[in-house]
Amino acid sequence: MIALQPAIIKALQGIVGNEHVLATPEALLCYSFDATFHTGRPEVVVLPASTAEVAAVIKLAGREGIPITARGAGTGLSGGSLPKGGIALVLTRMNKIKEIDRANMLAVVEPGVVTAHLQQAVEAHGLFYPPDPASNKVSTVGGNVAENAGGPRCFKYGVTRDYVLGLEVVLADGRVLRTGGRTVKNVAGYDLTRLIIGSEGTLGIVTEATLRLIPKPEAAATVMAVFPRLSDAGEVTAAVVARGVTPAAIEIMDQFTLKVVEAYLHIGLPVEAEAVVLFEVDGFREAVDRQTTIVAEICRQTGAGEVRTARDGAEAEELWRARRSISTAITQIKPTKIGEDICVPVAQVSEMIRKLHYLRQKFGLNMAIYGHAGDGNLHPNVVTDLRDRAEMAKVEEALHQIAEIALGLGGTLTGEHGIGTLKAPYLEMEVGPVGIDVMRAIKRALDPAGILNPGKMRLDE
């Protein structure tokens, strides 16, 4: 990698200020990682504070043919924000909540706003922003939009794209595009908003988002069901939905996961069980009470050995603590965590879990199987050691087979993490050669020089 010329560095400093252009080895190293085991080192880190500064940086990059990768908090799980040389454009300084409109139930925010901070701010107005990636306490709205992030509440409320009304986007030539607007209904022309959502910064860089909000639910309750048999746990979602109940979240953890988390937290998890399923229901208080009773009843009917309903918010938080601690807990086993993210039709969840158990035994891997059972989005996380070449070869083969199995069951390679670099080799397996051709045509039309986030999804090959 060749260092940028001093004149380029000086020009960048002229745009954003000297203190917001970082080029020391330590700074470059800090922005070379995300939450995967892949790395990608930039040549310079630039932290803009406005749309105008973003546009100026992109125009400079375009003139000089410099790759540019937008980045937020670096919590991505597919390698989407890893630089490939060039400029790492870090948007964390653009962190203003510009507007919370109670009457129209929307918020206008900059891309560097932390998701949890937005949620807290709108809840103070009696409103609710449902998308809740596990990293919401640190991940940013811009990254959520770029990856179309999800989370446990997707079963009832949907993913990020379902709450984006409009975007401000800087294109590869520095022009500023506005998509969508402030209305829930908008069918004027092509749906450019959804084109940008999930595009991982390969088509443009988001500098503002107008987000749809909904009324905050009056009440919520959590139910934990302990299943001696995994097959019963895999069937409970369909049984609950058949009774007309739509929980906000349905989360499953298998026995391996329970044992690892218990070894880390020591909170008395039922490690003898083959699976635990957590439910969260919300809405009007009377409806929550009724739904909680139905969910508990169905869990017992489908084989749960124990069903516990949280008495209050504190106890509910304690029940969810295990689920939120999985990522930290499993890295105590080995240093390299590979967070898989496949999604299958809900009716295929049990079969997918069964096949994951088979792969875990076949390859002798440390694999924690958990995820959002409500929408079929499972996260078989493998922990290994990147330095162990023999085991990494097994891991790579297992990942390939996981992708094939998920697609064979009518599923998808990724429900919420994106393609990035980790899943790029498998993308054509899902969308086919025509799909790849169409995506590349769109990429060429909007970024003919290929400067925006090169190397992601293999669209510039």
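Helices (H or I, at least four residues) and strands (E, at least two) are DSSP runs, numbered from the N terminus.

**Ground rules.** I am working with a predicted model, where local features need pLDDT of at least 70, side-chain atom pairs count only at pLDDT 80 or more, and totals for chains, interfaces and linings use all residues. Residues are numbered from 1 along each chain as its sequence is written, and side-chain values use heavy atoms, with hydrogens and water left out.

**Overall look.** I found 15 helices and 19 strands in the chain. The radius of gyration is 22 Å, close to the 23 Å that the globule rule gives for 461 residues, so the chain is as compact as a globular protein of that length. For the record, this radius is taken over C-alpha atoms, and the rule is 2.2 Å times the number of residues to the power 0.38. Along the principal axes, the C-alpha atoms fill a box of roughly 70 × 60 × 45 Å.

Buried means under 20% relative accessible area, exposed over 50%, and partly exposed in between (1.4 Å probe, protein chains only). Next I looked at contacts, meaning heavy atoms within 4.5 Å. Of those with a separation of 6 or more, 71% join residues 24 or more positions apart.

**Core.** Which residues have the most contacts inside the largest nonpolar core? They are Ile252, Phe279, Cys299 and Met352, in a core of 56 residues. Such a core is a set of buried Ala, Val, Leu, Ile, Met, Phe, Trp, Tyr and Cys residues joined through side-chain atoms within 4.5 Å. Helix H14 (residues 389–408) gives this core its largest share, eight residues. I then followed Cys299: beyond its neighbours within four places in sequence, Cys299 touches Ala225, Phe227, Val236, Phe279, Ala304 and Val307.

**Cys343.** I found this cysteine in strand E17 (residues 342–343). Cys343 is buried, at 16% relative accessible area. Setting aside neighbours within four places in sequence, its contacts include Asp375, Gly376, Asn377 and Gly411. The C-alpha atom of Cys343 is 6.8 Å from that of Leu413, 70 residues apart along the chain.

**Positive phi.** A reminder to myself: most residues other than glycine have a negative phi. Met105 has a phi near 50°, a positive value in a residue other than glycine. Met105 lies in the loop between strand E5 (97–101) and strand E6 (106–109), and at 28% relative accessibility it counts as partly exposed. His266 is not a glycine either, yet has a positive phi of about 55°. Is His266 buried or exposed? His266 is exposed, with a relative accessible area of 61%. I located His266 in the loop between helix H9 (255–265) and strand E14 (275–283).

**Two last stops.** Glu351 sits in helix H13 (residues 349–363) and is partly exposed at 25% relative accessible area. Where sequence puts Glu351 and Ser231 120 residues apart, their C-alpha atoms are 8.6 Å apart in space. Pro425 is in the loop between H14 and helix H15 (427–446), and counts as partly exposed at 41% relative accessibility. I also checked Pro425 against Arg458, 33 residues apart along the chain: 7.8 Å separates their C-alpha atoms.
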